[in-house]
Amino acid sequence: MKIGGIQKTSLIDYPNKVCAVFFASGCNFRCPYCYNPKLVFNKTKLIDEKYINKFLEERKNYLDAILLSGGEITAKPDFIEFVRKIKKYGYLVGIETNGSNPDAIKKLIDNELVDFIAMDLKSDLETYYMAAGVKVEKEKIKKSVELIKDSDIDYEFRTTVVPGLFDEKTAIEIGELLKGSKRYVLQQFNNEEDMINKSFKRKKPYTVDKLKKFKKILENYIDEVKISGI
Ligand code: SF4
C-alpha cells in the first residue's frame with residue numbers, strides 16, 4: 001500500500017476516538033483547492049511496509065482507530081487487503097474518501113471492515129467536475145452517497161466551501177442529494193494552504209455569516225449540519 005504520510009496521534013479526526021491517520025499517496029481527482037498537492041502527485045516519500053506493521057503492532061493497545069485518508073485510499077488496488085490487515089490488529093477503521101469508488105465502499109460495508117466513513121461531496125452533481133478538477137462519473141458519486149446513507153455505520157458528508165464553486169444553489173442541490181442524511185459538515189476554505197491551483201490562493205473565504213446561511217438551507221434536508229474550520 002502506498003502510504004505517503006502518517007499522523008501518529010489525532011484526537012479530532014475520528015469521532016470520539018483516539019486515532020492515527022494514514023495518508024494514501026496519489027489521487028484520481030485534482031480539486032483545485034486541494035491542500036495536499038504533494039500527496040496527490042505522489043511527491044512524498046513512501047512509508048516502508050515494515051514500519052507500518054511495527055506501528056500497528058506497537059500502538060494497538062492505546063490507539064482506538066486508524067483513519068485512512070489521502071490522496072484517495074479507495075483508488076489503491078490493495079486497499080481492501082490493507083484494511084483487513086489493520087482490522088486483524090483490533091483497530092476500528094475509518095476512511096475519508098471522495099466517493100469515486102462505490103464498489104470498494106460496498107465491499108467494506110458488506111464485509112464489516114469499516115466503522116466510520118467521511119465522504120467529501122465536492123459540489124452539486126451538475127458542477128462536480130469543476131470542484132473535482134476532472135470529469136467525474138456522477139452515477140458513482142450518487143451510488144456512494146446511497147450506500148453510505150443506507151448503512152448502519154457512523155458517517156458524515158463534507159464539502160469545502162469555496163467561493164466560486166459553492167453558492168445557495170449548490171447548498172440546495174446538495175441538500176436534495178443528501179436528504180435524510182444524519183450529518184453534514186461545511187468546511188471553511190483556507191487560502192493560506194498550498195493548493196493544486198495556486199490562483200485559488202487569491203480567493204477570499206466566505207464570511208461566517210454566509211456560512212451560517214448555507215447551514216440554514218442545508219438544515220431543511222439533513223439532521224445535523226456543522227461548520228468547521230472557523
Ligand atoms: S481534495 Fe481532491 S485532489 Fe485532494 S486528495 Fe481530496 S479528492 Fe484528491
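This is a predicted model: local features need pLDDT of at least 70, side-chain atom pairs count only at pLDDT 80 or more; totals for chains, interfaces and linings use all residues.
Strand S4 covers residues 92-97, runs parallel to S5 and is joined to S5 by 4 bridges.

## The whole sheet

S4, S5 and S6 belong to an open sheet of 8 strands, in the order S1-S2-S3-S4-S5-S6-S7-S8, with mixed pairing. The edges are taken by strand S1 (3-10) and strand S8 (224-228); each has a single partner strand, so one side of each is left without a neighbour in the sheet. On average, neighbouring strands of this sheet are turned by 20° against each other, direction ignored.

Helix H2 (residues 49-59) lies across S1, strand S2 (19-24) and strand S3 (65-69). H2 runs at about 15° to S1.

## Helix H4 and the β-α-β unit

Helix H4 (residues 102-110) forms a right-handed β-α-β unit together with S4 and S5. Which residues of H4 are buried? They are Pro102, Ala104, Ile105 and Leu108. Seen down the axis of H4, the buried residues fall within an arc of 160°, so they line one face of the helix. What do these residues pack against? Their partners are helix H3 (79-88), S4, S5 and helix H6 (138-150).

Glu112 follows H4 and is found in the loop between H4 and S5. The phi of Glu112 is positive, about 50°, although the residue is not a glycine. With a relative accessible area of 66%, Glu112 is exposed, because the cut-off for that class is over 50%.

## Asn98, between S4 and H4

Asn98 lies in the loop between S4 and H4. Its relative accessibility is 4%; Asn98 therefore counts as buried, the limit being under 20%. The side chain of Asn98 makes a polar contact of 2.7 Å with the side chain of Ser100.

Leaving aside residues up to four places away in sequence, Asn98 touches Cys27, Asn28, Phe29, Glu72, Met119, Asp120, Lys122, Tyr128 and Ile141.

## Glu156 in S6

Glu156 is found in strand S6. Is this residue buried or exposed? Glu156 is buried, with a relative accessible area of 8%. A polar contact of 2.8 Å links the side chain of Glu156 to the side chain of Arg158.

Residues up to four places away in sequence not counted, Glu156 touches Phe116, Ile117, Ala118, Met119, Arg183 and Val185.

Leu121 is found in the loop between S5 and helix H5 (128-132). At 0% relative accessibility, Leu121 counts as buried. Its contacts, not counting residues up to four places away in sequence, are Tyr128, Ile141, Val145, Arg158, Thr159, Ile174, Leu177 and Leu178. Arg158 is the residue whose side chain makes the polar contact with Glu156.

From Leu121 to Cys19 the separation is 102 residues in sequence and 23 Å in space, C-alpha to C-alpha.

## Backbone exceptions

Most residues other than glycine have a negative phi, and most peptide bonds are trans. Besides Glu112, which has a positive phi of about 50°, Asn42 has a positive phi of about 55° and is not a glycine. Asn42 is found in the loop between helix H1 (37-40) and H2. Asn42 is partly exposed, with a relative accessible area of 43%.

Where is Gly71 placed? Gly71 is in the loop between S3 and H3. The peptide bond from Gly70 to Gly71 is cis, with omega near 5°.

Terms used. Residues are numbered from 1 along each chain as its sequence is written. Side-chain values use heavy atoms; hydrogens and water are left out. Two strands pair if DSSP finds at least two bridges between them. Helices (H or I, at least four residues) and strands (E, at least two) are DSSP runs, numbered from the N terminus. A crossover is right-handed if, with the strands pointing away from the viewer, the path from the first strand over the helix to the second runs clockwise. Buried means under 20% relative accessible area, exposed over 50%, partly exposed in between (1.4 Å probe, protein chains only). A polar contact is a pair of N or O atoms within 3.5 Å; within protein, one must be able to donate a hydrogen and the other to accept it, and residues adjacent in sequence count only if both atoms are side-chain atoms. Contact means heavy atoms within 4.5 Å. The arc is that of the directions from the helix axis to the C-beta atoms. Axes are lines fitted to C-alpha atoms, for helices over the stretch in contact, and angles run from 0 to 180 degrees between N-to-C directions.
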